[in-house]
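Please read them with the structure open.

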Amino acid sequence: MYNFNYQIEEINMTKLNLLYASEMGTAMEVADNVSEIAKNKSIDVDQAELNDVSMNDLLTMSKVLIVTSTTGDGDLPMMGEVFWEELSKANIDLKNIEYSVCALGDSSHFHFCGAGKKVDEKLEELGAKKVLERHECDGDTEGYEEWASISLEKLGF
């Protein structure tokens, strides 16, 4: 484990942070649709590509939904590689985060939804509170609307 010195800024308890990593655009499309679902409920949404989220940024978040596809051997897409590299080495306390993950994959691959599993397990290891079990989409995006609605409710929106 690496020790990093992160500066915690103000934690926003009322904003939904919707983070995504997409290879072919599907995870980004799901994130866009989830953002619309949230905005229709008058939720303040900050949507960002995972690579645009530093560990300092992550420490300021409290309510997080993550949508990621999987590439290669269960890896995050290019839009999430930098984030995963930092998160996988991080030794930070994420107890202020409540989250849920929607993982996109193809069950014909050995590492089905591997990227979503990695991120989910690491967030939990760092103390983040999972509000809903990871939703795994097999080859399409079926069920993400229900995942989003239940996750939003569990996050207190």
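1. Overall make-up. This is a predicted model. The chain holds five helices and six strands. In sequence order they run β-α-β-α-β-α-β-α-β-β-α. Of the 157 residues in the chain, 45% are buried. Take the contacts with a separation of 6 or more: 83% of them join residues 24 or more positions apart.

2. Helix H1, length. H1 covers residues 26-40, which is 15 residues. From first C-alpha to last, H1 reaches 21 Å. That is close to the 21 Å expected at 1.5 Å a residue.

3. Which residues of H1 are buried? They are Ala27, Val30, Ala31, Val34, Ser35 and Ala38. Viewed down the axis of H1, these buried residues fall within an arc of 140°, so they line one face of the helix. Glu29 and Asn40 lie on the other side of H1 and are exposed. Just after the helix, Ser42 has a positive phi of about 60°.

4. H1 against H5. A pair of packed helices is described by the angle between the axes and the distance between them. For H1 and helix H5 (residues 144-154), the angle is about 45° and the axes are 10 Å apart. The two helices are therefore oblique to each other. The crossing of H1 past H5 is right-handed. On the H1 side, the contact is made by Val30, Asn33, Val34, Ile37 and Ala38. On the H5 side, Tyr144, Glu145, Trp147, Ala148 and Leu152 make the contact. Note that Val30, Val34 and Ala38 of H1 are in this contact and are also among the buried residues of the helix.

5. The twelve residues of H4 (114-125) should span 16 Å at 1.5 Å a residue. The end C-alpha atoms of H4 are 16 Å apart, which agrees. Buried here are Gly114, Ala115, Gly116, Val119, Asp120, Lys122 and Leu123. What do the buried residues of H4 pack against? Their partners are helix H2 (55-59), strand E3 (61-68), helix H3 (78-89), strand E4 (98-105) and strand E5.

6. H3 against H4. These two helices pack at an angle of about 35°, with their axes 10 Å apart. Their crossing is left-handed. H3 contributes Trp84, Leu87 and Ser88 to the contact. H4 contributes Lys118, Val119, Lys122 and Leu123. Val119, Lys122 and Leu123 are also among the buried residues of H4.

7. After H4. Gly127 comes just after the helix and takes a positive phi of about 100°. Ala128 is found in the loop between H4 and strand E5 (129-130).

8. Ala128. Ala128 and Leu94 are 34 residues apart in sequence, yet their C-alpha atoms are 4.8 Å apart in space. Setting aside neighbours within four places in sequence, Ala128 is in contact with Leu94, Lys95, Ile97, Tyr99 and Leu123.

Notes: Residues numbered from 1 in each chain as written. Predicted model: local features only at pLDDT ≥ 70, side-chain atom pairs only at ≥ 80, totals over all residues. Heavy atoms only, no water. Helix = DSSP H or I, 4+ residues; strand = E, 2+ residues; numbered from the N terminus. Expected span 1.5 Å × (residues − 1). Buried < 20%, exposed > 50% of the residue type's maximum accessible area, 1.4 Å probe, protein only. Arc of directions from axis to C-beta. Axes fitted to C-alpha atoms, helices over the stretch in contact; angles between N-to-C directions. Parallel < 35°, antiparallel > 145°, perpendicular 65-115°, else oblique. Left-handed = near helix turned anticlockwise from the far one by under 90°. Contact = heavy atoms within 4.5 Å.
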